[in-house]
Amino acid sequence: MEQYFFEAFKNLERLAPGSEESTLKAIASIDRKLSIKILDIGAGVGTHTMLIARELVNAKIIAIDNNAAYIDILNKTAISLGINDRVKGICMSMFEMTFEDNMFDYIFSEGAIYIAGFTEGLTNWKRYLKPKGMLICSEISWIVDEPSQQIKSFWDEGYAQMDSIAHKIFQAKNLGYNIIDYFILPKEDWIESYYAPLQRNLDQMREKYFNVKVALEVVDSIQHEIDLYHKYGDEYSYVFYILQVSLLDCDLHV
């Protein structure tokens, strides 16, 4: 079954909702002149990684993903762009990171913190940030007060930490972060950048594996998610949270 999931996402530039505009908006507050170290967690094939490297020319980026094929693409792209001296992809699980404490000025995670869990990611990744370091992540969140029962049931089963923006902010504050900013990804980031190319892959797979039950089950499960978004996409979205380790938290850990 796993091979069919990988095939569904084959050749996609983005493995979650997002866009160049949203990635750049998320890093807009970073001083372009600073020499900084960034850890990109769940980098995929590196589409957003290369955008960050393009904008922050004095940044050194370590990008991790547990998919070796994705990391190979990322590193080859960095070489082709002539930035492999600043961008290094490492095949590594976010659950088994071996970096030193206080190593990075920024942690960036686009569409991937849900794998760890929002609160677990904020808790466990903080150790790698320097005092007053920043964590920038996109996290799927409710954008209405009372979501419809069908979509709520779907996400309750798929991601138990799905919650409102207000509660995500509350959680971040309780875990020692100041909220610098947040913004909701537009629907174009879902439909045009992510679901449209994914839908093309699903259509091809449906024809290719018309008599392969396991493959069609994978296609149908992903199709169900897409169909639900088209029906309920006004009720949830990815939200970028721009967070900074609080001064009080820094003082407590000196």
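**Exercise 1.** At what angle do helix 9 and helix 10 pack, and how far apart are their axes?

*Solution.* Some ground rules before we start. This is a predicted model, where local features need pLDDT of at least 70, side-chain atom pairs count only at pLDDT 80 or more, and totals for chains, interfaces and linings use all residues. Residues are numbered from 1 along each chain as its sequence is written, and side-chain values use heavy atoms, with hydrogens and water left out.

Step 1: find the helices. Helix 9 covers residues 187-208, and helix 10 covers residues 213-232. Helices are DSSP runs of H or I with at least four residues, strands are runs of E with at least two, and both are numbered from the N terminus.

Step 2: read off the geometry. Two packed helices are described by the angle between their axes and the distance between the axes. Here the angle is about 150° and the axes are 10 Å apart. (Axes are lines fitted to C-alpha atoms, for helices over the stretch in contact, and angles run from 0 to 180 degrees between N-to-C directions.)

Step 3: name the arrangement. Helix 9 and helix 10 are therefore roughly antiparallel to each other. The cut-offs: angles under 35 degrees count as roughly parallel, over 145 as roughly antiparallel, 65 to 115 as roughly perpendicular, and the rest as oblique.

**Exercise 2.** Work out how helix 7 sits against helix 10.

*Solution.* Step 1: helix 7 takes in residues 149-158, and it packs on helix 10 at an angle of about 140°, with the axes 11 Å apart. Step 2: that angle makes helix 7 oblique to helix 10. Step 3: the crossing of this pair is left-handed.

**Exercise 3.** Which side chain pairs with Asp220 in a salt bridge?

*Solution.* Step 1: recall the idea. Side chains of opposite charge can pair when their charged atoms come close. A salt bridge here is a side-chain nitrogen of Lys or Arg within 4 Å of a carboxyl oxygen of Asp or Glu.

Step 1: the partner is Arg206, at 2.9 Å from N to O. Asp220 belongs to helix 10 and Arg206 to helix 9, so to speak a link between distant parts of the chain, 14 residues apart.

Step 2: check the surroundings. Asp220 is partly exposed at 40% relative accessible area, and Arg206 is partly exposed at 31%. (Buried means under 20% relative accessible area, exposed over 50%, and partly exposed in between, with a 1.4 Å probe and protein chains only.)

**Exercise 4.** How many salt bridges does the structure hold? Look at two more of them.

*Solution.* Step 1: the count is twelve.

Step 1: take Arg32 and Glu55, whose closest N and O atoms are 3.6 Å apart. Arg32 lies in the loop between helix 2 and strand 1 (36-41) while Glu55 is in helix 3, so the pair ties together parts that are 23 residues apart in sequence. Arg32 is partly exposed at 28%, and Glu55 is partly exposed at 24%. Both are in a network of salt bridges linking Glu20, Arg32, Arg54 and Glu55.

Step 2: Lys152 has 31% relative accessibility and Asp156 has 36%.

Note on methods. Left-handed = near helix turned anticlockwise from the far one by under 90°.
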